[in-house]
Amino acid sequence: MTLHQVSRSHRPRPDFEYIDLNPTEGVWWQEALSGMQLRPKRVAPKFFYDQAGSWLFERITQLPEYYLTRAETALLQAKGPEIGEALGSDCELVEFGCGNSAKILDLLSVLERPRGYLAIDISREPLLELCAKVAATHPGLPVQGLRADFSQFLKLPRLKGRAERKVIFFPGSSIGNFDPPEAVDFLSHARETAGPGGSLLIGVDLKKDRELLEAAYDDAQGVTAMFNKNLLARLNRECGGDFNLDAFRHRAFYNEGPGRIEMHLESLRSQEAHVFGEKLTFEAGETIHTENSYKYRIQQFQDLAAKAGWQPERVWLDDARLFSVHLLRGEA
Ligand code: AVJ
């Protein structure tokens with residue numbers, strides 16, 4: 001554990017505790033490589049988020065087509081007072097996959113006497129930036145940053161605050177990256193983490209017209225395509241890969257049966273590539289499945305969460321009914 005001091009200026013330094021579990025070391029890349037040896041090939045979306053990938057994701061959140069972040073932020077702001085009241089005073093917040101998202105600042109601004117904030121992300125730089133921002137704007141609030149792969153069901157460090165109860169904050173519809181059975185496992189783990197009396201405040205993208213969904217994942221400027229291809233760029237940078245990025249194309253489509261957006265990288269021709277000296281072969285049209293992003297109706301999500309011991313308490317929607325924010329309470 002290291003105490004990380006951010007700014008080098010003469011102003012009072014925002015400080016927070018930073019713990020780096022080095023999630024990208026050791027067996028990490030083995031997982032990506034074995035996914036590429038499967039048929040169909042697939043690689044988990046967590047591999048998108050190196051520094052470049054996190055930055056590309058931030059650009060995605062500003063795209064006209066990517067309604068999710070705008071809708072959720074507007075919702076958190078408009079319903080802030082109600083959310084603050086429903087959560088109550090003296091909460092400790094744990095956020096999974098925070099990136100460098102300012103949503104926590106909106107939430108903190110409506111909470112009475114927040115007692116601590118633990119931010120968890122797989123990507124170092126955005127996590128450090130966010131912790132610095134929260135620490136600087138909330139002097140006296142214990143702030144901890146944990147760099148880790150949260151899909152591995154971590155045991156969390158003991159929180160520093162003296163809180164009445166824990167609130168797990170999981171915004172952005174990141175829950176949609178898990179297949180439903182894994183989502184239940186993750187939510188069960190979150191339920192344990194939250195402890196007795198704990199709550200879950202979670203953003204979940206809603207089912208809607210295919211056109212709107214597909215545009216959000218295949219934008220006109222091609223930023224999402226770059227985000228998707230960054231996976232190959234990253235394998236080239238970090239694993240001695242030799243992928244030709246021009247020989248693959250970004251594909252995103254809504255698969256209505258399971259109710260998910262799928263992202264793939266499609267090989268434009270038959271070709272070979274190497275990672276860690278292992279040969280990978282691609283046929284023309286063959287894809288690497290890089291992401292699922294599940295969309296849920298309100299009731300459907302509540303049923304899923306109930307399997308993990310979460311009781312629905314409130315749900316907020318934006319006026320256009322694009323996005324939902326659920327508040328759930330752990331079963332007694
Ligand atoms: C960060 C997982 C919520 O699924 O919408 C955005 C990631 N992928 N565009 C999502 C993403 C392509 C995003 N999540």
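How much space lies in the second largest pocket? The volume is about 230 Å³, counted as the space filled by probe spheres set on grid points joined across faces, edges and corners. A pocket here is an open set of points on a 1 Å grid over the protein atoms alone, where a 1.4 Å probe fits, with protein on both sides within 12 Å along at least five of seven lines.

The model is predicted, so local features need pLDDT of at least 70, side-chain atom pairs count only at pLDDT 80 or more, and totals for chains, interfaces and linings use all residues. Residues are numbered from 1 along each chain as its sequence is written, and side-chain values use heavy atoms, leaving out hydrogens and water.

The pocket is lined by 12 residues (those with an atom within 4 Å of a point). Nearest its centre lie Lys-155, Leu-156, Pro-157, Lys-166 and Thr-193. Helix H7 gives the most to this lining, with three residues; helices are DSSP runs of H or I with at least four residues, numbered from the N terminus.

H7 (residues 180–194) also packs against H10 (residues 298–306), at an angle of about 55 degrees and with axes 9 Å apart. Axes are lines fitted to C-alpha atoms over the stretch in contact, and angles run from 0 to 180 degrees between N-to-C directions. Pro-180, Ala-183, Val-184 and Leu-187 in H7 meet Phe-301, Leu-304 and Ala-305 in H10, where contact means heavy atoms within 4.5 Å.

How values were computed: Helices (H or I, at least four residues) and strands (E, at least two) are DSSP runs, numbered from the N terminus.
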